[in-house]
Amino acid sequence: MFDPTVYDNLKVVLEGSVYDLDLSGDIEISDRSDIIDLAKMARAYSVGFKKTQSPIEGLLILATDADSWAGEVLEDGYGPYPCELMIQFFIQIKEVDHDCSGIRFRLNQIWRDLKPKIEQQLSFIYGQDQTITNQITLTLPEPVDELFIMDIPIVLNKMIETLNSLARFSDSK
């Protein structure tokens with residue numbers, strides 16, 4: 001009989017938890033992706049969501065690579081076989097120095113107990129308006145496994161708190 005992998009178990013719980021929040025009206029799902037990369041034998045699941053009537057989007061990404069997947073399926077005995085979890089936010093800003101430093105400060109307050117690496121990548125379309133897209137990526141310091149299932153509601157609540165907090169920095173107010 002098929003024994004689900006760490007990735008499969010985490011994906012099912014993440015997906016169910018996000019859809020529960022969507023059904024309750026706390027968020028609305030804006031995107032979903034479930035990719036198997038046959039060239040690299042990697043898997044990635046992502047789900048994007050936002051608060052109703054908000055242009056700011058959050059994205060939760062769960063990924064595993066060939067080594068972890070194959071080791072677990074073949075039961076090679078070299079486990080554990082954790083997955084990577086990344087969290088992203090996309091927001092339009094105008095005042096780079098002010099907004100980016102304010103965003104970093106607020107994210108450090110919200111996420112301090114999980115200690116993620118926080119990166120902000122800025123981009124704009126040349127020749128168009130002065131709106132700058134800030135792609136904020138939070139990477140957890142350690143890979144996650146089934147023990148992380150208990151922390152999924154905490155992470156989702158922090159994502160919702162972050163979406164609410166980022167609204168004050170948004171150029172789309």
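How many helices and strands does the protein chain have? The protein chain has four helices and six strands, where helices (H or I, at least four residues) and strands (E, at least two) are DSSP runs, numbered from the N terminus.

## Basis of the model

This is a predicted model, in which local features need pLDDT of at least 70 and side-chain atom pairs count only at pLDDT 80 or more, while totals for chains, interfaces and linings use all residues. Residues are numbered from 1 along each chain as its sequence is written, and side-chain values use heavy atoms, with hydrogens and water left out.

## Overall fold

Read from the N terminus on, the elements of the protein chain run α-β-β-β-α-β-α-β-β-α. The radius of gyration is 17 Å, close to the 16 Å that the globule rule gives for 173 residues, so the protein chain is as compact as a globular protein of that length. Here the radius of gyration is taken over C-alpha atoms, and the globule rule is 2.2 Å times the number of residues to the power 0.38. Taken along the principal axes, the box filled by the C-alpha atoms is roughly 55 × 35 × 30 Å.

Of the 173 residues, 39% count as buried. Buried means under 20% relative accessible area, exposed means over 50%, and partly exposed lies in between (1.4 Å probe, protein chains only). Among contacts with a separation of 6 or more, 62% are between residues 24 or more positions apart; a contact means heavy atoms within 4.5 Å.

## Surface and charge

The protein chain exposes about 10,000 Å², and carbon and sulfur atoms supply 54% of that area. Accessible areas come from the Shrake-Rupley method with a 1.4 Å probe; for residues, only the protein chains shown count as cover.

There are 15 positive and 29 negative charges, and their mean positions are 9 Å apart. Lys and Arg count as positive and Asp and Glu as negative, with His and the chain ends not counted. The place of a charge is taken as NZ of Lys, CZ of Arg, CG of Asp or CD of Glu.

## Helix 1

Helix 1 has 19 residues and reaches 27 Å from its first C-alpha to its last, close to the 27 Å expected at 1.5 Å a residue. The expected span of a helix is 1.5 Å times one less than its number of residues. Its buried residues are V6, Y7, D8, L10, K11, L14, E15, S17, V18 and L21. An α-helix has 3.6 residues a turn, so residues three or four places apart point the same way. Following helix 1 is G25, with a positive phi near 90°.

V6, in helix 1, counts as buried because its relative accessibility is 6%. The C-alpha atoms of V6 and I103 are separated by 33 Å, the two residues being 97 apart along the chain. K11 also lies in helix 1 and is buried, with a relative accessible area of 15%. Not counting residues up to four places away in sequence, K11 touches D34, Y45 and L62.

## Helix 4

Helix 4 covers residues 152-166, and its 15 residues should span 21 Å at 1.5 Å a residue; the end C-alpha atoms are 21 Å apart, which agrees. Its buried residues are I152, V155, L156, K158, M159, I160, T162, L163, S165 and L166.

D31 belongs to strand 1, residues 28-37. With 42% relative accessibility, D31 counts as partly exposed. Leaving out residues up to four places away in sequence, D31 touches S46, V47, G48 and E57. D31 and K50 are 19 residues apart in sequence, and their C-alpha atoms are 9.8 Å apart in space.

S68 is in helix 2, residues 66-73, and is buried at a relative accessible area of 15%. Apart from its neighbours within four places in sequence, S68 is in contact with Y81 and P82.

## Positive phi in loops

Q53 sits in the loop between strand 2 and strand 3. Its phi is near 65°, a positive value in a residue other than glycine, and Q53 is exposed, with a relative accessible area of 76%.

K115 is in the loop between helix 3 and strand 5 (117-123). The phi of K115, a residue other than glycine, is positive and near 50°. K115 is exposed, with a relative accessible area of 59%.
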